[in-house]
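Colleague: Before I set up my calculations, could you take me through the charged side chains?

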Amino acid sequence: MMEKEKHDLLIFNGTILTLNSNYDIIEDGIVGITNGVLKRIEARNKDKELPKSQQVLDASGGIIMPGIINTHTHAPMTLFRGLADDLPLLTWLHKYIFPLEGKLTFDLVYKGTLLACAEMILSGTTTFCDGYFYEDAVAHATRQAGMRGVLGQGIIDFPAPGVPDPAENIRHAERFLESWQGETSLIIPCLFCHSVYTCTEKTLRSAHRLAEQVGVLFQIHTAETQEEVRKVKKERGVSPIQYLYRIGILERETLLVHVIWVDETDLECVKKSQASISVTTESEMKLASGIAPLPSFLAKGIKVGLGTDGCASNNNLDMFREMDTTAKLHKVVSLDPTVLDARTVLTLTTAEAAKTIGLWDQVGSLEAGKRADIIIIDTKRPHLTPIYNPYSHIVYAASGSDVRDVIIDGRIVMKDRRILTFDVEEVMRDVRRESAHLARGFPLTRG
Ligand SMILES: [Zn+2]
C-alpha cells in the first residue's frame with residue numbers, strides 16, 4: 001500500500017504469532033488495519049516512523065495473535081450454569097435441561113447470549129459457532145456484542161423453545177436463514193440438527209437439503225455416547241456416522257460435534273466426505289461421555305476444531321482452559337507426552353478451527369487480506385515470565401484473563417479488559433434477577 005495511506009488502526013510493540021502456514025513469528029511487529037481488513041503485518045523498521053493511522057494501540061511487549069474460535073457452543077446456556085452438576089446424563093437432560101429450556105423466552109435467550117459474549121470476549125474468543133433455539137435472539141445479541149458468529153437455528157423432532165410444533169421446525173429454520181443471510185458480515189447463519197437420535201430421517205434430509213440450497217454449514221451432535229451408537233445401530237442398522245454417510249448428509253459443509261464412539265470405518269467416511277469435527281473435551285469429560293480420538297482425526301488429515309459446548313456442561317467458555325485440558329488428557333490416555341504439542345493445540349482454536357466452520361478465507365490467522373480479528377495477551381505477569389516459547393505459554397500457562405485487548409473485524413471490542421460494545425454490569429444484573437425464576441421448582445444440588 002502507499003505509505004501515505006492512513007490505517008484505521010495500527011497495533012505495535014508486540015510479538016506477532018501469525019499462525020499462517022509457515023507459523024511465522026514476528027518480533028517487534030506492527031499490524032495495520034483498514035476497513036476491517038489486515039493490510040500490513042511486518043517487523044517494525046526502527047529507522048522509520050510508524051505508519052500513519054487514525055488509532056494506535058501499543059501492545060506493550062505482549063503477544064499479538066488471531067482471535068480464538070470456539071467451534072461448538074450453545075451460548076444461552078450460561079443461564080443454566082451450575083444449576084445441575086454431577087448427574088447421570090439422562091437425569092441431567094430430562095430432569096433439568098429440557099424442563100429448564102421450557103422456561104426460555106426470546107428475551108432470556110438474548111440476555112443469556114450477551115452474558116456468554118461477555119465471557120467469550122473477556123477470554124479472547126472472537127468467533128463462535130452456536131446451535132440453539134430462538135437463534136434469532138442469539139444473532140441479535142451477537143451483533144450487539146460485535147462478535148463474529150456462525151449461528152445455527154436448532155432443529156429437533158420435539159417441541160422446542162420458540163418452535164412448539166416440531167412440524168414447523170424446518171420452516172422456522174428457513175425463516176432464520178432468510179432473515180440473516182447477507183444481513184451483516186459478522187453473523188453467518190447456519191443450521192443445527194440436534195442429533196440422529198432426536199431427528200427423523202425425513203427431518204435430517206430436509207434440513208440438509210435446505211443447508212445445501214442456501215450454502216450454509218450443517219452441524220449435528222454425533223456419536224457422543226455409547227448409548228446413542230447402540231440405539232442408532234438398532235434402529236437404523238449402522239453407526240450414526242455411517243448412517244449420515246449413507247443418507248448423503250456427510251459432506252464438506254458438515255460439522256460433526258463430539259465424535260467419540262467411532263471405529264475405523266466411521267473415520268474413513270468422515271475423511272472421504274471431507275466433513276469436519278468439533279471436539280469439546282471438558283464437556284465430554286464432565287458428562288462422562290468418553291474421549292474423542294482426536295490424535296487419530298489429525299493423523300487421518302480430518303479437519304478438527306475445539307469447542308466448549310454449552311455452559312451447563314463445561315461450565316465455562318474459556319478456550320484457554322479447553323486447550324490446556326485437551327493437550328493433557330490425550331497425553332495421559334496415550335501415556336505419550338509428545339502427543340498434541342502446544343502449537344498443534346493452538347491451531348485447533350485458530351487456523352484449523354476456521355477451516356471447520358468454513359471461514360478460513362476470512363479468519364484464523366494473521367495474513368494480509370483477512371478480516372482483522374486479533375487479541376493481545378498481556379505477558380507482563382509472573383506466570384508468563386520469562387518466555388521461551390509463546391505457544392507453550394498460551395496452552396499451558398495462560399488463561400482467558402490474560403487477554404488484554406480484543407479486536408473483531410477491525411473494531412476494538414475490548415480495551416484494557418473493558419468491553420466497549422455493551423454494559424456487562426447491566427447484563428449480569430438482568431441474568432441474576434432471572435435466575436430465581438429459572439431455578440424455581442428444581443431441586444438444587446448443593447451437596
Ligand atoms: Zn452441544
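**Charged pairs and exposure**

Modeller: At 28% relative accessibility, E253 counts as partly exposed (20% to 50%; buried is under 20% and exposed over 50%, with a 1.4 Å probe and protein chains only). The model is predicted, so local features need pLDDT of at least 70 and side-chain atom pairs 80 or more, while totals for chains, interfaces and linings use all residues. Numbering starts from 1 along each chain as its sequence is written, and side-chain values use heavy atoms, without hydrogens or water.

Colleague: Which residue does E253 form a salt bridge with?

Modeller: The partner of E253 is R252, with the closest N and O atoms 3.6 Å apart. The term requires a Lys or Arg side-chain nitrogen within 4 Å of an Asp or Glu carboxyl oxygen.

Colleague: How many salt bridges does the whole structure have?

Modeller: The search finds 25. One of them joins the side chains of K46 and D28, at 3.4 Å from N to O. These two residues are 18 apart and link distant parts of the chain.

Colleague: Is K46 buried or exposed?

Modeller: K46 is exposed, at 63% relative accessible area, whereas D28 is partly exposed, at 24%.

Colleague: And what does E183 pair with?

Modeller: E183 forms a salt bridge with R143, the closest N and O atoms lying 3.3 Å apart. E183 is partly exposed at 46%, and R143 is partly exposed at 35%.

Methods: Helices (H or I, at least four residues) and strands (E, at least two) are DSSP runs, numbered from the N terminus.
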